[in-house]
Amino acid sequence: MQKIEEANNLGIELLTFPSHTTHRLQPLDVIVFGPFKNYFRVEQTSWVAKNLGLEVKRFELDDLTSKEFKRALTPSNIKARFRRTSIWPLNLDSLMHDIDCSQ
């Protein structure tokens, strides 16, 4: 309770998401960062196969991630996910369809 009061005093508004709604409220996690993790995993596996016995170093991460990040984080992917989740353009009927507001 003290942390909530401290946040309020600092002008920070705390929010919670209703259960089972993150697929609607966090579309980038689902359509952008989820695929990015998969693309990165494949790239990392390929790198390890080509560099047996070596560890991926911090400075090599840029090469391993940049292409895959650009592949996942495209304007069309982002726009498609916001449309699919009904966040933009806003469609409250669709958005509220699978949210149980009785809790």
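The protein chain exposes about 8400 Å², of which carbon and sulfur atoms supply 57%, and 18% of its 103 residues count as buried. The coordinates belong to a predicted model, and the values reported here are computed from it.

With regard to secondary structure, the protein chain contains six helices and zero strands, so that its pattern, read along the sequence, is α-α-α-α-α-α. As for overall dimensions, the radius of gyration of the protein chain is 19 Å, whereas a compact globule of 103 residues would have one near 13 Å. The lengths that describe the protein chain as a whole are collected below.

| Property of the protein chain | Value |
|---|---|
| Radius of gyration | 19 Å |
| Box filled by the C-alpha atoms, along the principal axes | roughly 55 × 35 × 25 Å |
| Distance between the mean positions of the 14 positive and 13 negative charges | 9 Å |

Among contacts between residues at least 6 apart in sequence, 65% join residues of the protein chain that are at least 24 apart.

The largest nonpolar core consists of five residues in all, namely Phe 36, Phe 40, Trp 47, Leu 64 and Ala 72. Two elements, α3 (27-50) and α4 (61-72), each give two or more residues to this core, and α3 provides the largest share with three residues.

Notes: Residues are numbered from 1 along each chain as its sequence is written. This is a predicted model: local features need pLDDT of at least 70, side-chain atom pairs count only at pLDDT 80 or more; totals for chains, interfaces and linings use all residues. Side-chain values use heavy atoms; hydrogens and water are left out. Helices (H or I, at least four residues) and strands (E, at least two) are DSSP runs, numbered from the N terminus. The radius of gyration is taken over C-alpha atoms; the globule rule is 2.2 Å times the number of residues to the power 0.38. Buried means under 20% relative accessible area, exposed over 50%, partly exposed in between (1.4 Å probe, protein chains only). Contact means heavy atoms within 4.5 Å. Accessible areas come from the Shrake-Rupley method with a 1.4 Å probe; for residues, only the protein chains shown count as cover. Lys and Arg count as positive and Asp and Glu as negative; His and the chain ends are not counted. The place of a charge is taken as NZ of Lys, CZ of Arg, CG of Asp or CD of Glu. A nonpolar core is a set of buried Ala, Val, Leu, Ile, Met, Phe, Trp, Tyr and Cys residues joined through side-chain atoms within 4.5 Å.
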